Amino acid sequence: MSISVLIIGAGPAGCYVVEQLLKKDPNISIDILEKNPYPFGLLRTGVAPDHQKIKGLQRYFEKILANQNVSLFTNVEFGTDIKYQEVKDIYDGIFICTGSATDNLHDKLDYSHHLNCGSLQVVNWYNGTYYNPKKFNPQHLNSSIAIIGLGNVALDIARIFLKPTSKLQSTEIPNQVLDLLNQKHISDVHIFVRRGPAQAKCSPKELEEVLELENASCTLHDFKVSSVDLEEAESTNRIKKNLELFKSISAGTQNKQALHIHFYSKLDKCIYDSDKLTLRFNKTKLAGSPNQQKLIETTDSYELCTNFLISSIGYRGTPLSEIPFNDNTHKIKHTLGHVQDNIFTAGWIKRGPTGVIGTNKRDALESVTSFFNYLESNPTIKKGKNTIQHLLQSKSITFFTYQDWTQLDDIEIQQGIKTNKSRVKISDKQKIKSLLHK
Ligand code: NAP
C-alpha cells in the first residue's frame, strides 16, 4: 500500500507540494480538493492577464497534476462539502494550502459605500473571475482613480487601468472589461503610500513596467530619500533598483493619462459623496535606524478629490474549522510547515501573502520535508486512496476532475481563437457544469 495524502487547495502552493511529494516518493497517492470549479488558484485569478509569461506556468503545473497517482476534485469546499473529521484518520498527511483569499481592510473606509472597494474585487473582475457586485460595481469607475498601497497588486491595477486597451485585447482579459475601460477613459491613477520610496513593497520589474507605459506619464509627489533610506537600499537589491527607477522618471513629459505616486501620505478621512470622494491625508515622516524606521504623522495634511478608491493593502488568510489558526497574523500555526498530528501547511496560509509564485517551491519543500520526518516516527500507512471520490459520490456533490479541467481548458482556448484572444475564461459554476455535462 502507498502513502496517501490529501491536499486542500490546487493553487501554486498545492501544486508545488504535489511536485515535492512525488519527487520524494513517486508511488505516493495524492487527492486534491479545490473549492473553485477549476485549478491553479491565484495563477488563474490573481496574476494580471497581460502577464502571459507567468500565466504560462499553468502548463508546468498541469504536468504535475496529470500524474496517474494524483486525483483532482474541484468545486469541493473543505469544511463544508468535506469536513476535517471525515478525512483526518484516512490520510497519512493533510496539507492545507488555501492561500490568503481575503482583502485587508482599511480602518478609515466604509466598504459598504459604492465608491470604494478592496483590491481583490477589482483583480477578480479583470481576471474574469467571480467578484461580488455588492462590493464592487465597475460602472462606478471613472476618470480619476485612487489606490492606497504600493505593492505589486496596486501596480497591476494601475497598469491595467492605464495600458492602451489595444495592448490588452489579445490577452485573456474579458472583452466586457475592455469595453468598460474604453467607455470610462481613466485619465488619472493616484497611488498613495504611507511611507517613502525606499519602503515601497513593489518589485522593480513591476515598477518598470508601469513606468514604461507609452501613453502615461508618471509624477512623483514628495519624493524624498534620506541617508537612512540609502543605508536600507545598500542591503537590499530590490530597494536599490526601485530607487534607481524612481530617480529615472523625467519631469515634464506630460501625457493624456497620468500615474501619480504620492509618498508619505496616510489616509485620515474619506468624505463620501454620491459621485465623488474627498480624501484627506496626513503627511508622515520616518525616524529611526535603518530597517527600523518608525512612521510619524505630522500636523500637515492635504486633500484630493477622486471618483473611486481601491485599497490595495495586502491580503489575509481565513481560518478553517478545527485547524489551529493565529487570529493576529491570519496564518495557520505551524513549525516548519507541520501544524499538528498529520496536518501540514504550505503557501500563503502558512507564511502570509509574500513573495512571488516561485517562492512557494522552497516553501513546499520545507513542509514536505517535515512530513517525511513525521512519517519516520509515525509509520502507519492509511487507506486514503480513492476515499474522497466515494465520499463525494455518496454525498451527491458535483465535482470536476483533471480530465474535466483539460476539456474546459480546451473549450476556453478554442473560444479564444475565434476572438483573437489567448483564451475566453469560463468561471461560472453552472456554465461549467452544463458545458461538461455534469
Ligand atoms: P503588499 O506587497 O504587502 O503591499 C501592500 C501595500 O499596502 C504596502 O505598500 C503597504 O505599506 C500598504 N499598506 C498596508 N497596510 C496599510 C494601511 N493600513 N494604510 C496604508 N497602506 C497600507 O501586498 P500586495 O500588493 O497585495 O501583494 C501581495 C503579494 O502578492 C506580494 O507578495 C506581491 O509581491 C505578490 N504579487 C506579485 C505580483 C508579481 O510578481 N507580478 C503581482 C501581484 C502580487 P507598508 O509597507 O507601509 O505596510
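A word on terms: helices (H or I, at least four residues) and strands (E, at least two) are DSSP runs, numbered from the N terminus. This is a predicted model, so local features need pLDDT of at least 70, side-chain atom pairs count only at pLDDT 80 or more, and totals for chains, interfaces and linings use all residues. Residues are numbered from 1 along each chain as its sequence is written, and side-chain values use heavy atoms, with hydrogens and water left out.

Ligand first. The shell around the ligand holds 21 residues, where near means a heavy atom within 4 Å. Among the closest are Asn-152, Arg-194 and Gly-355. Which helix gives the most to that shell? Helix 7, residues 152–162, with three residues.

Arg-194 places a polar side-chain atom 2.7 Å from a ligand oxygen. Gly-355 uses a polar backbone atom, 3.0 Å from an oxygen of the ligand. Alone, the ligand exposes 910 Å², and the protein buries 82% of that; areas are Shrake-Rupley with a 1.4 Å probe.

Next, helix 15, residues 387–394. Its buried residues are Thr-387, Ile-388, Leu-391 and Leu-392. Buried is under 20% relative accessible area, exposed over 50%, partly exposed in between (1.4 Å probe, protein chains only). The face turned away carries exposed His-390 and Ser-394. Just after helix 15, Ser-396 has a positive phi of about 55 degrees.

Conventions
Polar contact = N/O pair within 3.5 Å; in protein donor to acceptor, adjacent residues only side chain to side chain.
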